[in-house]
Amino acid sequence: MLAGIVLAAGVVLAGGVVLAPPALPQAPAPPARCQETLREAGVKFTAWPLRPSRMPNGVVCQAPQGIAVKRGPKLRYQPGARVNCAFAQRLVRFEQIADEEARAVLGSPLRAIVQLGTYNCRRMAAYPDLVSEHAFANAIDVAVFVLANGRRVEVERDWVPAGQPAPRPASQFLRRLTRRLYDQQVFSVVLTPSYDKHHKNHLHLDGAAYSVDGT
């Protein structure tokens, strides 16, 4: 899985031949009628015009058609999620799946999520040579799910690794949710506390051009 990241980011040596590096990573282009589609889906947002900035390695941190999402069709974002428009469309599908799993496993619809961050013009914490999808407002870090009945599912407290039994409903919810988010490619990268210490208290979800199953 990690090899996919390396191949996407730097020079590759194959059989003694030096291959030219691919284009620098960049933010995804927004689909046609992106903001109109979000409004039709019930997303409440305001414009968030981000001025592009260039990192020392030449990568441009930017968020095409950047928006600040206050709430989606199902959930309120605490705080509001500042993302690119293409990623906001992923969040609509994320909300639907998260709400389905909450109803099925926990017996209550979801009301909100607490997120730790979206846009941040930086490199990856674990791999400093690589650019974080946060640099394109193409990622979100989710720490807490708040249900309509007042119950809270906290990633740091309730996550159980896949190889261990998950007897509590909260742990089952997180396991089922992250599995679906990756298998259905709602997000191309799904990182959990099982992935490394940098994700001990949140789910990192992004829309990178490569895929990483960190469930």
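The following legends describe close-up views of a predicted model.

Local features are given only where pLDDT is at least 70, and side-chain atom pairs count only at pLDDT 80 or more, whereas totals for chains, interfaces and linings use all residues. Residues are numbered from 1 along each chain as its sequence is written, and side-chain values use heavy atoms, with hydrogens and water left out.

**Figure 1. The chain as a whole.** The chain has 5 helices and 13 strands; helices (H or I, at least four residues) and strands (E, at least two) are DSSP runs numbered from the N terminus. Of its 215 residues, 46% count as buried, where buried means under 20% relative accessible area, exposed over 50%, and partly exposed in between (1.4 Å probe, protein chains only).

**Figure 2. The salt bridge between E101 and R176.** A salt bridge is a side-chain nitrogen of Lys or Arg within 4 Å of a carboxyl oxygen of Asp or Glu, and the structure holds 12 of them. In the bridge between E101 and R176, the N to O distance is 2.7 Å. This pair links distant parts of the chain, with E101 in helix α3 (residues 85-106) and R176 in helix α5 (residues 169-183), 75 residues apart. E101 is buried, at a relative accessible area of 5%, whereas R176 is partly exposed, at 42%.

**Figure 3. A network of salt bridges joining R152, E154, R157, D158 and R168.** Side chains of opposite charge can pair when their charged atoms come close. For R157 and D158, the closest N and O atoms are 3.0 Å apart. R157 is partly exposed, with a relative accessible area of 47%, but D158 is buried, with 2%.

**Figure 4. The second largest pocket.** A pocket is an open set of points, on a 1 Å grid over the protein atoms alone, where a 1.4 Å probe fits, with protein on both sides within 12 Å along at least five of seven lines. The elements that give two or more residues to the lining are β8 (110-117), β11 (189-191) and β12 (203-206).

How values were computed: 1 Å grid on protein atoms, 1.4 Å probe; cavity = no way out; pocket = protein on both sides within 12 Å on 5 of 7 lines; lining within 4 Å. Points joined across faces, edges and corners; volume = space filled by probe spheres on them.
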